[in-house]
Amino acid sequence: MHQFVTGASWFTDDLPTPSNTLHVALGLSTCASGRLSALELSTARASAGVVMVLTAGDVPGVNCTSALGHDPVFAGERIEYHGQVLFAVVAESAVAAEAAVRLVQVSIDADPPVITLAQARDRGSLLTAPLILARGNSATAIAIAAECLNGQLPIGGQEHFYMEGQVALALPQPDQELLIVASTQHPAEVQHQVAAVLGLTAKDVTVQCPRLGGGFGGKETQATQFACIAALAAWKTGRPVKLRVPRQDDFRITGKRHDMEAHWRVGFDCDGRLRGLEVALDLRCGYSMDLSAAVGTRALLHLDNAYFIPDVRFEARLYSTNTLSNTAFRGFGAPQAILVIETIIERIARVLQIDPVELRQKNYYAAARGVTTPYGMRVDHNPLPELTRTLLADCDWHQRQQTITTFNARQPILKRGLAFVPVKFGLSFIQTFLNQAGVLLNVYHDGSLRLAHGGTEMGQGLTDKVAAVVVRAFGIAADRLRVVATDTSRVPNASPTAASVSSDLIGQAALNAVTIMRDRLLDFAAIAWSLPRAECTIKEDALWCGNTCVPFDQLVHAAWQARIELAATGFYRTPDIHFDAETLQGQPFHYFVYGVAASEVMIDTLTGETRLLRVDLLQDTGHSLAPEVDRGQVEGAFMQGVGWLLMEELVWSEAGRLLTDGPDTYKIPTASDVPPVFNVGLTEQLPHSVNTVFRSKGIGEPPLPLAVSVHLAIQNAIAAVQSSAGALAAPATPEAVLRVLAGNPAHQDIRRRDVESLLGAGVAAASPFGEVINE
Amino acid sequence: MTLEGDQALRPLLDVIRIDANLTGTKEGCRSGECGACMVLVADATGTKGVNSCIYAAAQVHGKRVFTIEGLGTADSLHPVQRAMVESRSAQCGFCTPGIVMAQIAARISAACDEGSTEIDVQAALAGNLCRCTGYRPIIDAARACRTVPLSGVELEKPSDQPTNPLLCRGQSTTVYAPADLPSLLELRRQHPDAVLLAGGTDLITAWRRSMAYPPQVVVLGQVGELAQIKWTDHALIIGAGVTVARAVRCLISEWPEAAGYLRRFGSPAINAVATVAGNLQTASPVGDLAPLLMALSASLMVKSTVTHRQLSLPEYFSGNRATVLAADEVVIAVHLPRRPPAFHLFAYKTAKRFDQDIAAVTLAGSFVNDGGTLRHVVIGAGGLANRPARASAVESVLENHAFDTARIEEAIAALAEDFQPIDDVRGSSTYRTQLAGNLLRKMRLEYTGAGLTNLWQ
């Protein structure tokens, strides 16, 4: 913490660089779709300070930055989005490089782009066959249910806005080796892709990551391209090269959270029990696949959220558009899915005039109702009923509901709304093979230790948590240990630091290494000092056996002199998980993380503006490895969710240019957006049958969807004016709120009896699923 | 440190990070929006926090700059740094140095002291983005900092003031820094193409982005006459070079009902350097000050070496980001008539975010209540036309009538005569039209006192 407040911490852009370091500026396409007919580079090449201009033709290996398919380092002939990187100027200074970019003449034969989801649907431009998760017969279940409702919901994307922009430094090394320092969540992928781009193999490239100034998923795959360009420039010039992407370019080049459109149809009983649910999620993926299939899958796996729904059909349609390639963002599709199901629940409660919390409680996974998810995994020991009761009591729910009703009856302009949301979040990479981690533990003969792992520190506290595991498991003093920044030459093939699982995976691997090393030292001590092995232990920074005590550094020094190996690798693979990516069935998650939140808002019905008044939340962290770190994760994730749902709006022009390409037009929350009352509770004592490191749980993503409660609270405040108001889009900007209040919502939900009256009037009422709703 | 020619117009941030190799100051956005690059700048008038990415090196001529490296060390933390550590205010840590600076600046300017409310504390952080923490620990630190003593180092002032009018001459750009108004007017006459640099919050980022610098730049910071505020029995006269921070305090003292509106103008680091005339000179279609100043019947005092004229604000704006200012003219002050009896003022800003956002629509209205009849009705609006403008059709519907429901609906209908707003990233035409009408409704509701109308109170 001290290094941050004094400015002494080193991010990639802060590292001292050799005096002959070159700088890169990127040339981006200003056309969303077309054929690149000419790049006139000679003027730029002759510009002061310019050393080289690189294009697709300069790539010696594979012109691709991703292992997932088609993501060119530089566009080839085909231009696929506005903002796509066409070329890179390498110059003596960043200013010289940027100036030369403006001198390049780009000729593109443009063709009509596919920008919106509507255009993509019209063109049928799917990246792959739809993903389908189904159980039972949803169409019949909905048809025979007493009540039926259908609707649509447009959900916006989100720019990561990591405070530290994308940056990479490439340093040529002796003997045709290359060292890359990059702000990336996935150093191993950078290593492999840099090697592929340069026609090398992984052994030739080392990637280090000192720390990231925020990632949030935006540097999982999207950082690789910049490292590849810096590497290529360094390889070609033989000089160190830095690429620090200006914020506006970063906005225009890199992928964001997927915007989606949900089309849904639900059947339910008169008492609110869910019978059947069909949801089609249309994802705007952008020009390439990137992580979209995994995002779509995770979204489908969270459409049930906390509820047992007997018959379901969930479908994700991955649309290709001429826009940046949407990617990982904290929650990875789950927040969108949870917004959809929770909006549906609120709609049902309004139609049936039942308390929405009661409705939720009726439908929770429970032994009496059903405990198996649509993907076949069991929800055992569901703590949500208990968490719900606790939170409602703690936040004075019922009293506040009455106060709000009275307030809304009296006040003509300002209206309040209150809403509750539960979250069940699945932990593990759904690509099972990624659930592995390794560490390297070195013990030095002065008694100090270094632990290297493949994860990256980006503010989430991974370093602190791994250190806590090692210190506790080893029984040594904390100041003996240094957990070091990532270096691919120390730990190979690491998975990305993502999916909230890093402290689980790396913590377990560290535990494994500690166990190996500790056993080795204890075995040695038993023999060296003729002690009963079973009674030997290391605790309080020393070897203990009865009254015998050997300080840890003496123990280590003696072991070294006795030629005991003082390095150990630890490895971990998450047990008991499996998942079929075709049928979407299996046990994709190691465990679930639960949370509940209640949010209260006030809206101005004349301007559509919202003020967040109070938030109460309760988050399951398991037995937290670092409660203060976890609290920071919970609060930060929640506010990031609030930004996504309230104010962060991405706007494209018809021609496909991202118009909100900087913090002047794209607004993330500030301190004033924090609710004046923000009660955050961590529950650490939940029954948690799964064996995780010291029974802790992953925490990075699970709290984010709790912010859905804020969106629902706005929906409820609107309902105080118009009980039949239509769908409120996300983000709920003042304009979106006013649109719904004015009776022009994003979509008007249709109840079965409304459909029947339409049919009776001779109007064909097609459901979004292409069939006429009929009993 | 001495800089030659064009180098003086580079962002101070580049001088700090690249030339001085002090990397504690971070680059987050290069547009003055995120605060990661905040430093303290001290001159004879005091110390303030500025965003170094939108502050030119030339603007610190003769001043002292404190970066994070100059405040405290790990062994001996500044009290504000200690408060930040104790509240665990850093996750990724990238925004942290800037937030330390913002909090120190708030203490120095007394924006945060023992009397500060929660709202003051949050206002002091309005220009600092953090993407990790959700701000709660940072707000806790800021609250704790209200009463911490300053260490003193940040209050040291430079000993001498520069007086030479020519600052530096480069290959393609010459930078002047006149010390008084006659020198400024003379420079303006000699160099009609010169660009005047006041706060620089728009210009520095635009220059760096386009890599194009004008042939002459005149830095206004040392022209004492422009920095004056005068109160007379009839008028408040705010010098063109008065910072928004100072101007806001004067405006609120005379028109306290504008406080909520002015609170949303800019972050403390913007308000500390941006000037009133600079804001008007951009002629932004939305510009927050213009609609309010229109409602206050403000006029601009404009001078050249030979002429002196006074322009009303609607006269001043000639089009989209254009004014009627002649090449040799300089705005020297804003003239505001003092508040008449029975004067009513309403001012509204609607944006996606509370702080530091450009509005979809701004609307300010004023009138004198003459026994239930509205007189001297002025409605100024931003975001509805290609420039800030008065809603004259609406004004004439309201003028000389009682402020009743029927009248307000007629006024809303008249909005269509005044404005045909456009679609852009901040809102659609439909929304803007609807919003403008609703704000007129809100004005009437607030006038008649029908229930709560202010979300932010």
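I began just after helix 2 of chain B, where B:R88 takes a positive phi of about 55°. My helices (H or I, at least four residues) and strands (E, at least two) are DSSP runs, numbered from the N terminus.

A note on the ground rules: this is a predicted model, in which local features need pLDDT of at least 70 and side-chain atom pairs count only at pLDDT 80 or more, while totals for chains, interfaces and linings use all residues. Residues are numbered from 1 along each chain as its sequence is written, and chains are lettered from A and ligands numbered from 1 in the order in which they are written.

I checked confidence next. Chain B has a mean pLDDT (the predictor's confidence in each residue, from 0 to 100) of 93, and 98% of its residues reach 70 or more. For the complex, the predictor gives an ipTM of 0.96 and a pTM of 0.96.

Back to helix 2 of chain B, residues 79-86: which of its residues are buried? I found B:V80, B:Q81, B:A83 and B:M84. Buried means that 20 or more other C-beta atoms, placed from the backbone, lie within 10 Å of a residue's own.

Last, I looked up the chain pairing: 64 residues of chain A are in contact with 67 residues of chain B, contact being C-beta atoms, placed from the backbone, within 7 Å. Helix 17 of chain A gives the largest share of chain A's side, six residues.

Terms used. Two residues are in contact if their C-beta atoms, placed from the backbone, lie within 7 Å. A residue is buried if 20 or more other C-beta atoms lie within 10 Å of its own, exposed if 12 or fewer, and partly exposed in between; C-beta atoms are placed from the backbone.
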